[in-house]
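User: I would like to go through this model by question and answer. Please give the cut-offs as the terms come up.

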Amino acid sequence: MTTLLERPNTALLVIDVQNGVVEGAHDRDGVIANIDTLVGKARAENVPVIWVQHSDDDLARDSEPWQYVRELVRRDAEPLVHKTYGDSFEDTELETLLAELEVGLLVVAGAQSDACIRSTLHGAFVRGYDVTLVSDAHTTQDLTEYGAPAPHQVVAHTNLYWQWQSAPGRRAKTVGTAEVTFTSDAG
């Protein structure tokens, strides 16, 4: 039900599951296993898997922390979007790529829940996409020393507020990995 005309397709967006981003993250191994399951489901259903990779002063391009985790393997034919801002659309080719693939529904997984995931969810939604957040396939670091809630609370809050987002002609959903089917309703 996206507001983007002629965009009937779905894509899986895997955001920033890089060594330096998820090292020590909440439920790292479980989240990565769920993302791997999603990637397998998407491939089996011929749904595009789009990988997003962040770099900045603290995450230098081509460094070991910048690399995707070894558990997730991107196929050469699967697009890789490089970004330097939280929102995966900001100053990247993501929108052009999604238009070429006629994608109007994004299924989102990755890191970090309270930064790049949140920014990309909202960035997609305001651009007219339907957006499904996979509740058990995103994570974040422990930033309690800076006054943030505990990581499990950040993940839970992100899941809670995303399921209640609304806008004319668009849908926001939160579903678990087991519920994702990549149909037009994605879950």
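User: How far apart are the mean positions of the positive and negative charges of the protein?

Analyst: This is a predicted model, in which local features need pLDDT of at least 70 and side-chain atom pairs count only at pLDDT 80 or more, while totals for chains, interfaces and linings use all residues. Residues are numbered from 1 along each chain as its sequence is written, and side-chain values use heavy atoms, with hydrogens and water left out. Lys and Arg count as positive and Asp and Glu as negative, with His and the chain ends not counted, and each charge is placed at NZ of Lys, CZ of Arg, CG of Asp or CD of Glu. For the 14 positive and 29 negative charges of the protein, the mean positions are apart by 5 Å.

User: In what order do the elements of the protein run from the N terminus?

Analyst: Helices (H or I, at least four residues) and strands (E, at least two) are DSSP runs, numbered from the N terminus. The protein has five helices and seven strands. Their order is β-α-α-β-β-α-β-α-β-α-β-β.

User: What is the radius of gyration of the protein?

Analyst: The value is taken over C-alpha atoms, and the globule rule is 2.2 Å times the number of residues to the power 0.38. That rule gives 16 Å for 187 residues, and the computed value is close to it, so the protein is as compact as a globular protein of that length; the radius of gyration is 15 Å.

User: What share of the 187 residues is buried?

Analyst: Buried means under 20% relative accessible area, exposed over 50% and partly exposed in between, with a 1.4 Å probe and protein chains only. By that cut-off, the buried share of the 187 residues is 49%.

User: Which parts of the protein hold the edge-to-face pair of tryptophan 51 and tyrosine 68?

Analyst: Rings of Phe, Tyr and Trp (its six-membered ring) pair if their centres lie within 6.5 Å; planes under 30 degrees apart count as stacked, over 60 as edge-to-face and the rest as tilted. Among the four aromatic pairs of the structure, tryptophan 51 and tyrosine 68 stand 5.2 Å centre to centre with 85 degrees between the planes. The pair ties together parts 17 residues apart in sequence, because its residues lie in strand β2 (residues 49–54) and in the loop between β2 and β3 (80–83).

User: Which helices does the pair of phenylalanine 125 and tryptophan 162 tie together?

Analyst: This pair is edge-to-face, at 5.4 Å centre to centre and 70 degrees between the planes. Phenylalanine 125 and tryptophan 162 are 37 residues apart in sequence, so the pair ties together helix α4 (residues 113–126) and helix α5 (residues 151–162).

User: Which residues is leucine 80 in contact with, leaving aside its neighbours within four places in sequence?

Analyst: Leucine 80 lies in strand β3 and is partly exposed, with a relative accessible area of 24%. Contact means heavy atoms within 4.5 Å. On that basis leucine 80 is in contact with Trp51, Gln53, Arg74 and Glu93.

User: Is aspartate 16 buried or exposed?

Analyst: Aspartate 16 lies in the loop between β1 (9–15) and α1 (19–22). Its phi is near 55 degrees, a positive value in a residue other than glycine. At 2% relative accessibility, aspartate 16 counts as buried.
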